[in-house]
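Please have a look at the sequence and the model first, and then read on.

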Amino acid sequence: MSRVIRAAVFQTAWTGDKESMIQVHEQAARDAAAQGAQVLCFQELFYGPYFCQVQDPAFYEYAEQIPEGPVVRRFQALAKELGIVLVLPMYEEEQPGVLYNTAAVIDADGSYLGKYRKTHIPQVKGFWEKFYFRPGNSGWPVFDTKVGRVGVYICYDRHFPEGWRALGLAGAEIVFNPSATSRGLSGYLWQLEQPAAAVANEYFVGAINRVGVEEYGDNDFYGTSYFVDPEAQFVGEVASDKEPELVVRDLDMAKLREVRDRWQFYRDRAPGAYGPLTAP
């Protein structure tokens with residue numbers, strides 16, 4: 001009998017303040033659970049604006065400790081109430097002055113499973129992330145959740161194939177890629193890279209992007225969140241490019257074995273030949 005995971009991603013626009021943004025996401029979790037979703041991932045830096053369009057130390061105040069901070073605690077309680085796995089992309093303060101772009105993973109019983117810290121940090125116009133974040137040092141963990149093995153790769157990470165492969169080697173079945181990416185910059189890659197990663201590494205990918213133009217810059221976040229299977233087929237429709245949307249899809253895990261039996265990419269890897277790839 002095949003195992004089907006009902007998974008969800010949520011894209012939305014900046015509301016103007018942290019508390020109302022949190023409330024919007026709490027309601028999205030309730031709506032997802034009402035539709036039978038078992039796991040839900042939010043967008044990058046979910047409870048704030050995409051402040052990396054400017055370089056302003058005032059936004060350091062959005063960072064909090066993980067898991068000790070109030071946002072994680074609040075969503076742990078919600079995950080337990082709803083019986084849903086939650087992936088929370090957040091701004092993390094390990095200690096004053098040591099800040100990361102992080103995703104916390106909460107199991108369906110409310111327990112904190114761990115975190116992934118974004119590894120690759122851009123520093124280009126409209127995406128001044130090195131001002132805010134250190135490169136992650138978490139490696140590429142895969143989390144054993146109630147519904148299956150879940151990995152996370154955050155936004156700019158998706159341009160680097162190594163982490164995708166590391167997640168596959170660690171047994172990921174679903175990898176979420178929460179993002180904040182702008183129309184005109186990466187649109188030609190958005191429906192190419194994640195499907196290619198799903199094929200190359202033979203798992204499902206959930207890609208999430210926020211929507212709208214925020215007051216801190218002219219980045220136009222184009223949504224179009226989706227799930228894609230390991231044959232590069234979108235699971236259902238791609239979300240709106242302008243409006244908030246909750247995307248709930250059934251992912252048949254039997255597809256993973258079917259594809260891996262057909263394409264023996266993990267068998268045919270040649271890691272002994274890849275040494276030069278790790279040279280600076």
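Of the contacts between residues at least 6 apart in sequence, 69% join residues at least 24 apart; a contact here means heavy atoms within 4.5 Å. Keep in mind that this is a predicted model, where local features need pLDDT of at least 70, side-chain atom pairs count only at pLDDT 80 or more, and totals for chains, interfaces and linings use all residues. Residues are numbered from 1 along each chain as its sequence is written, and side-chain values use heavy atoms, with hydrogens and water left out.

The protein chain holds 6 helices and 15 strands, both being DSSP runs numbered from the N terminus (helices: H or I, at least four residues; strands: E, at least two). Its C-alpha atoms fill a box of roughly 50 × 45 × 35 Å along the principal axes. Buried residues account for 53% of the 280 residues, where buried means under 20% relative accessible area with a 1.4 Å probe, protein chains only.

| Strand pair | Direction | Bridges |
|---|---|---|
| strand 8 (residues 142-144) and strand 9 (residues 149-152) | antiparallel | 3 bridges |
| strand 9 and strand 10 (residues 174-179) | parallel | 3 bridges |

On the way to strand 10, V152 stands opposite F176.

Definitions and conventions
Buried means under 20% relative accessible area, exposed over 50%, partly exposed in between (1.4 Å probe, protein chains only). Two strands pair if DSSP finds at least two bridges between them.
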